[in-house]
Amino acid sequence: EVQLQASGGGLVQAGGSLRLSCAASGFTFENYAIGWFRQAPGKEREGVSCISSSDGSTYYGDFVKGRSTISRDNAKNTVYLQMNSLKPEDTAVYYCSAQRRELCILVPRGTDYWGQGTQVTVSS
């Protein structure tokens, strides 16, 4: 069974930090690019960050550049997203995305598997 288990979300004050994790199983993790997308109520799902399956190339949405870092540990089948200087507008459900490609794309329709999501809430 394919699983992408997102965790690490929670309630944090503006300016704080969170580290999200995506633990994968049921597929060949190292052959997939992994990304993070988020969706707030009434908003479309948008790309946050992704990392390639090969050379570790990373990509970030404009709204998180300079504030977040994505990384992967293939030995643990896990991808991490470190988010700093969080803002109230970062509040959303964050979803892990697996893409059967080397270079990821920050487009929801490029996803082959979705995780269940983890809630991030940033207070003022």
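**Entry 1. Terms and model**

I take buried to mean under 20% relative accessible area, exposed over 50%, and partly exposed in between, with a 1.4 Å probe and protein chains only. By that rule Ser68 is buried, since its relative accessible area is 10%. I note that the model is predicted, that local features need pLDDT of at least 70 and side-chain atom pairs count only at pLDDT 80 or more, while totals for chains, interfaces and linings use all residues. Residues are numbered from 1 along each chain as its sequence is written, and side-chain values use heavy atoms, with hydrogens and water left out.

**Entry 2. Overall form**

I looked up the secondary structure and found zero helices and eleven strands in the protein. Helices (H or I, at least four residues) and strands (E, at least two) are DSSP runs numbered from the N terminus.

I then checked the dimensions. The radius of gyration, taken over C-alpha atoms, is set against a globule rule of 2.2 Å times the number of residues to the power 0.38. For 124 residues a compact globule would have a value near 14 Å, and the 13 Å of the protein agrees. The C-alpha atoms fill a box of roughly 40 × 25 × 25 Å along the principal axes.

Buried residues make up 44% of the 124 residues. I recorded an accessible surface of about 6300 Å², of which 43% belongs to carbon and sulfur atoms; the areas come from the Shrake-Rupley method with a 1.4 Å probe, and for residues only the protein chains shown count as cover. With contact meaning heavy atoms within 4.5 Å, 61% of the contacts between residues at least 6 apart in sequence join residues at least 24 apart.

I followed the side chains along E7 (residues 68-73), and they alternate. Beyond four places in sequence, Ser68 touches Tyr60, Leu81, Gln82 and Met83.

Two strands pair if DSSP finds at least two bridges between them. E7 and strand E8 (residues 78-83) run antiparallel and are joined by six bridges. Ile70 stands opposite Leu81 in E8. Four residues lie between the strands of this hairpin, and Asn77 takes a positive phi near 50 degrees there.

**Entry 3. Disulfides**

I counted two disulfides, each a pair of cysteine sulfur atoms within 2.5 Å.

The pair Cys22 and Cys96 has an S to S distance of 1.9 Å. Cys22 lies in strand E3 (residues 18-25) and Cys96 in strand E9 (residues 92-99), so distant parts of the chain, 74 residues apart, are linked. The S-S torsion is about -85 degrees, so this disulfide is left-handed. Cys22 is buried at 1% relative accessibility, and Cys96 is buried at 0%.

The sulfur atoms of Cys50 and Cys104 are 2.1 Å apart. This pair links Cys50 in strand E5 (residues 46-51) with Cys104 in the loop between E9 and E10, 54 residues apart. The torsion of about 80 degrees makes this disulfide right-handed. Cys50 is buried at 1%, and Cys104 is buried at 7%.

With the bonded cysteines numbered in sequence order, the pairing is 1-3, 2-4.

**Entry 4. Charged network**

I found four salt bridges, a salt bridge being a side-chain nitrogen of Lys or Arg within 4 Å of a carboxyl oxygen of Asp or Glu.

Arg38 is buried at 6% relative accessible area. Its salt bridge with Glu46 has closest N and O atoms 2.8 Å apart, and Glu46 is partly exposed at 31%. Arg38 also forms a salt bridge with Asp90, at 2.9 Å. Arg38 is in strand E4 (residues 33-39) and Asp90 in the loop between E8 and E9, 52 residues apart. Asp90 is buried at 1%.

Arg67 and Asp90 form a salt bridge at 2.8 Å. Arg67 lies in the loop between strand E6 (58-60) and E7, so its link to Asp90 ties together parts that are 23 residues apart in sequence. Arg67 is buried at 13%. Shared partners join Arg38, Glu46, Arg67 and Asp90 into one network.

**Entry 5. Tyr113**

I placed Tyr113 in strand E10 (residues 113-114). Tyr113 is partly exposed, with a relative accessible area of 28%. Neighbours within four places aside, its contacts are Val2, Leu4, Phe27, Tyr32, Cys96, Ser97 and Ala98. Phe27 is 86 residues from Tyr113 in sequence and 10.0 Å away in space, C-alpha to C-alpha.
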